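Here are my notes, as promised. Have a look at the model first, then go through the points below.

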Amino acid sequence: VGGFFTRLGIGGMPFLLPLLYQIGLGYPAWQAGLVMMPQALAAITMKICSRWILAHLGHRRVLISNTVLLGLNIMLFTQIGRGAPIVAILALSFTQGFFASLQFTSMNTLTFADVADKEASKASSLSSTSMQMSLSFGVATASLLAAWFLGHVDQTDPTQTIPALHKAFFAMGGFTILSSLM
């Protein structure tokens, strides 16, 4: 259940970030895509480090603290507006990918911790389906929040659009932080 709610926040980011970059900041689609690339690089980097982090800090400590850090990182996207240095955007994107990858690795290893080898196939199918559903619900939640906050603003005016999207980031980050209680 905690993993499901954590994935809501993570799952909403691929929806909200392009909106912020394209509608809010005015980036063309290709540039918005490039700005999101550090997330993938961070995810690869995290895969190298995750075993050591989990071994030294333990799953419980990592999951609780990383969930909070992930939520705070999502909330930090409220600081990205017109004129934000590209280096800050790239650094925040990298950090997002790093924390999200550690979260997925931690949650996924726990999913299979008590599963017998003969049940691994069934557990894998169930885990994969659950993960995809929760990420889809994350996109749906982010889209509902974006529609709620953007509903009464002129979406061609970045001075109105950016603060509305910031509210959606703040809410998604809050959901993520609250999931650490589970």
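**Notes on the helices and cores**

1. Thr6 has a relative accessibility of 2%, so it counts as buried (under 20% relative accessible area; exposed is over 50% and partly exposed lies in between, with a 1.4 Å probe and protein chains only). Thr6 sits in helix H1, residues 2-24 (helices are DSSP runs of H or I, at least four residues, numbered from the N terminus). Setting aside neighbours within four places in sequence, Thr6 is in contact with Thr67, Leu70, Gln103, Met107, Thr176 and Ser179 (contact means heavy atoms within 4.5 Å).

2. Before going further, a word on the basis: this is a predicted model, where local features need pLDDT of at least 70 and side-chain atom pairs count only at pLDDT 80 or more, while totals for chains, interfaces and linings use all residues. Residues are numbered from 1 along each chain as its sequence is written, and side-chain values use heavy atoms, with hydrogens and water left out.

3. Ile23 is also in helix H1, but this residue is partly exposed, at 35% relative accessible area. Not counting residues up to four places away in sequence, Ile23 touches Pro18, Gln155 and Thr161.

4. How do H3 and H4 cross, and at roughly what angle? The axes of helix H3 (residues 37-57) and helix H4 (residues 59-76) come within 6 Å and cross at roughly 110° (axes are lines fitted to C-alpha atoms, for helices over the stretch in contact, and angles run from 0 to 180 degrees between N-to-C directions). H3 and H4 are therefore roughly perpendicular (65 to 115 degrees; under 35 is roughly parallel, over 145 roughly antiparallel and the rest oblique). Ile53, Leu54 and Leu57 of H3 meet His59, Arg61 and Val62 of H4.

5. Now the cores. The largest nonpolar core has 27 residues, and Leu16, Tyr21, Phe77, Ile80, Ile89 and Phe169 have the most contacts inside it (such a core is a set of buried Ala, Val, Leu, Ile, Met, Phe, Trp, Tyr and Cys residues joined through side-chain atoms within 4.5 Å). H7 gives the largest share of this core, 7 residues.

6. Leaving aside neighbours within four places in sequence, Leu16 is in contact with Ala142, Ala146, Leu165, Ala168, Phe169 and Met172. A second, separate core of 7 residues includes Leu63, Ala100, Phe104 and Met107.

Technical notes
Helices (H or I, at least four residues) and strands (E, at least two) are DSSP runs, numbered from the N terminus.
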